[in-house]
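Here are some notes to read alongside the model. Have it open and follow the points in order.

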Amino acid sequence: MTAPDQNDPAVRKGQEDRLRATWAPPMGLFLRWTDTNNNRVGNWYTATAFGFMLFAGLLALLIRAQLAVPDNDLVSASTFNQLFTLHGSMMMFLFAVPMFEAVSILILPQLLGARDLPFPRLSAFGYWSFLIGGVFVSGSIFFDAAPDGGWFMYPPLTTDPALSGLGADIWMLGLSFIEVSSIAAAVELIVGVLKCRPPGMRLNLMPLYAWYILVVAVMILFAFPPLIAGDILFEMERLLDWPFFDATRGGDPLLWQHLFWIFGHPEVYIVFLPSIAIFAMVVPTFARRHVVGYPWIVLAAVGTGFLSFGLWVHHMFATGLPNISLGFFSAASEAVAIPTAVQIFVFIATIWAGRVVWSTPMLYAAGSLAIFVIGGLTGVMVAVAPFDWQAHDTYFIVAHLHYVLIGGTVMPLFGGLYYYWPLVTGKKLSDRMGRTAFWMMFVGMNVTFLPMHWTGLMGMPRRVQTYQSSLGVDGLNLLSTVGAFLFAAGVAVLVADLFRSPWRPLARRNPWDAGTLEWTQKADSEDWGIRSVPLIESRYPIWDQPNFVRNIDEGRYFLPDAEEGRRESIITTVLDARPLQVIRLGGPSIKPMLAAVTLGGVFILTTYHLYWSALVSGVLALGVILWWLWTGTGEIPEKPEKPIGHGITVPLYASGPTAPGWWAMFITMTGDATAFASLIFGYFFFWTIHADFPPPPTPGLAGPGVFWPMMALGLILAGWALTILARETNARGGVGIARIALALGAAASIGGGLAALAGPWFSGLDPVLHVYPAIVWVLVIWVAAHAALSAIMQLYTLARSLFGRMDPVHDADVRNITVYQHFFALSAVITFPLIAFFPGVA
């Protein structure tokens with residue numbers, strides 16, 4: 001039997017009809033909120049993040065209106081505190097990070113030549129979590145209940161409910177829920193970049209955007225969990241009076257600063273690097289040549305991400321740290337300028353060597369770099385400790401921060417909007433309106449924040465409601481306010497341009513004549529995306545590979561048809577992108593939204609101390625997630641393998657390290673381990689700053705002893721070993737033994753969790769008395785909660801086996817939970833000897 005002729009129009013028409021029928025939602029009027037197609041989810045995500053940015057910008061205008069003249073009473077002091085807290089929190093948590101994730105979810109599948117990212121329902125879950133948490137946090141301002149402790153929420157004032165009110169709980173629990181969304185998106189993006197590249201796209205051929213997104217998503221795994229750990233300690237102090245930041249009972253508020261800024265400074269680069277990634281796509285397109293120094297810019301991106309984790313203490317120079325710490329972190333803060341400069345010089349060299357077309361996106365790129373360089377220069381200044389002591393908490397820091405964030409995040413995203421709008425909508429935005437908006441924003445930004453350098457050096461502190469005329473900053477503040485409204489007018493022009501877009505004619509395909517893969521997308525593309533998954537031989541295949549776009553459209557590459565009527569894409573190897581598997585992707589489903597709603601209920605109801613309702617919501621969330629997993633993952637296909645074209649046949653099912661699900665579990669547990677390491681850091685932090693940690697063994701303060709911690713460790717390791725036994729015996733056909741091992745493993749996990757709690761319980765450790773029993777309780781609760789989750793996973797896998805959804809060949813479930821067990825066992829190995837033996841507390 002011969003293969004169908006792909007040149008035959010009738011054959012191509014039949015293939016496209018089948019694709020159209022199978023990739024479109026089964027009901028024409030299917031409710032949009034069940035959609036999980038990453039193209040549309042990315043659109044919603046982007047629009048929502050953009051809306052939050054506009055709202056946060058309005059709050060900033062109120063701040064500037066209040067500061068326009070001295071002794072102003074436009075808003076009260078309480079309202080002013082809520083305004084600047086919510087403005088900063090929304091810009092960082094509801095715009096900067098979600099926007100980069102949204103844009104990546106939107107364009108990364110096209111950039112990688114994939115039909116979709118590997119977990120489209122996870123992207124939908126992340127979006128609904130972001131939306132619910134964002135509305136909850138931002139809406140608090142309308143009820144005079146917004147947080148008012150700054151976007152950093154420093155204890156001890158914020159941990160006292162009598163001083164900070166409900167706003168601190170809204171900030172903490174609402175944003176913790178949004179962090180779940182960010183980590184979910186990071187998992188999706190990492191697995192997408194590593195495993196969904198088209199055949200031939202080796203790591204050294206990846207588009208620079210994909211490299212940057214990979215670096216940033218990995219940074220999220222190491223930056224966000226410390227903040228989650230800090231959130232746990234913060235809320236336990238607020239809700240239960242456990243004294244992690246109360247110096248009178250052994251705590252220390254500086255621990256919060258460490259945990260927050262371990263997140264907070266990498267956060268700056270988490271939002272900056274994706275903007276540089278947009279430059280990396282825009283500059284070569286309009287320079288009409290390959291980017292100069294590809295290996296150097298990749299190394300610089302990785303180096304920036306790595307160095308960013310060594311800078312957090314430069315936010316704490318004024319806290320009385322030892323001189324050796326000041327010297328180290330000052331040097332590290334200056335060293336990060338080196339890889340940043342490499343990236344900027346790569347772009348300059350590319351422009352210099354090319355034939356530049358000064359388009360609207362290119363104008364935004366150039367202006368953004370100019371603004372960011374100014375912010376980088378003042379960043380080097382505040383990295384010098386003696387200068388930082390003078391400028392700390394003044395408007396000089398406000399100016400530096402906004403030059404970095406507007407030049408490194410906001411303006412590049414606006415440039416990316418003009419660049420990628422034809423890809424998303426098929427319509428071009430107005431060059432005239434785009435250039436007008438740019439110059440209004442460019443001038444307005446500098447008029448706003450350049451004077452703040454002098455305002456700060458003249459002694460005006462940040463976060464003050466008003467000031468006296470005698471300070472001599474009246475004119476500078478008025479000038480800054482005028483600039484802010486000019487910048488806002490520029491944003492308004494851009495928004496008007498977006499609203500006019502639907503009435504414009506369709507642009508031609510690839511209107512910029514770019515060379516990268518995403519521009520193979522048609523303006524009127526179908527739900528199923530790219531016509532066939534291409535073979536990649538160049539970093540700019542549209543420029544370098546003859547007839548590349550035509551071959552894609554005619555189905556001459558891989559997986560050109562959907563003969564089984566399923567959404568499918570190709571999974572490849574991590575290093576050299578060899579085809580490994582055809583993955584079948586989830587379709588429209590209400591489950592991600594229900595999971596987000598019920599899980600969000602846990603956080604929101606806890607905010608109002610409705611603990612029983614929160615518990616019910618948590619049980620419902622667990623049920624929805626299990627339903628989602630049971631019906632949406634681990635499907636046994638109707639045949640073992642499938643030809644994808646060019647004589648290549650690959651499996652329809654994979655498990656272990658070749659499967660995207662295994663990678664997702666490994667990546668998730670890496671983030672979990674980072675949060676756990678942050679709690680261990682807290683334990684040793686208290687030990688290093690207090691000579692009497694742990695305190696003398698008196699009633700309520702005696703350690704948990706040796707017996708119960710060692711019993712817990714033994715049971716948890718037994719559960720770990722039984723899970724490995726189940727994996728190995730199941731693979732060898734011993735299904736019955738594997739089922740017994742899973743049942744016993746679940747029992748051991750439950751026993752280990754109970755034994756973990758028994759130690760501090762029977763020793764009478766009172767977490768309200770002192771920070772030592774509080775941190776011990778947190779560690780054992782962490783392990784016990786993971787033990788409960790371990791038992792749920794083991795019982796779930798047992799049920800999958802009993803109901804015929806797992807067998808010796810199709811064993812992804814047991815292999816995935818084994819990854820969890822490895823991390824869980826490691827946390828037990830660290831926790832129980834620590835609390836039992838160190839430092840001599842048995």
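1. Some ground rules before we start. This is a predicted model, where local features need pLDDT of at least 70, side-chain atom pairs count only at pLDDT 80 or more, and totals for chains, interfaces and linings use all residues. Residues are numbered from 1 along each chain as its sequence is written, and side-chain values use heavy atoms, with hydrogens and water left out.

2. Leu 326, Phe 329, Ser 330, Ala 332 and Ser 333 are buried in H10 (buried is under 20% relative accessible area, exposed over 50%, with a 1.4 Å probe and protein chains only). Helices here are DSSP runs (H or I, at least four residues), numbered from the N terminus.

3. What does the buried side of H10 pack against? Its partners are helix H11 (337-353) and helix H13 (385-391). The length of H10 checks out too: at 1.5 Å a residue, its 13 residues should span 18 Å, and the end C-alpha atoms are 18 Å apart, which agrees (the expected span is 1.5 Å times one less than the number of residues).

4. Now the largest nonpolar core, which has 244 residues, with Tyr 209, Phe 244 and Leu 494 making the most contacts inside it. Such a core is a set of buried Ala, Val, Leu, Ile, Met, Phe, Trp, Tyr and Cys residues joined through side-chain atoms within 4.5 Å. Helix H8 (residues 254-287) gives the most to this core, 22 residues. Domain 1 (367-507) and domain 2 (682-841) both contribute residues, so this core lies between them. The domain bounds come from an automatic or database assignment, and the C-alpha centres of the two domains lie 49 Å apart.

5. Tyr 209 is worth a click. Leaving aside neighbours within four places in sequence, its contacts (heavy atoms within 4.5 Å) include Phe 100, Leu 111, Pro 274 and Met 281.

6. Finally, look at Asp 811, in the loop between helix H24 (771-802) and helix H25 (812-837). Asp 811 counts as buried, at 3% relative accessibility. Beyond residues up to four places away in sequence, Asp 811 touches Tyr 653, Ser 655, Asn 730, Ala 731 and Met 806.

How values were computed
Helix = DSSP H or I, 4+ residues; strand = E, 2+ residues; numbered from the N terminus.
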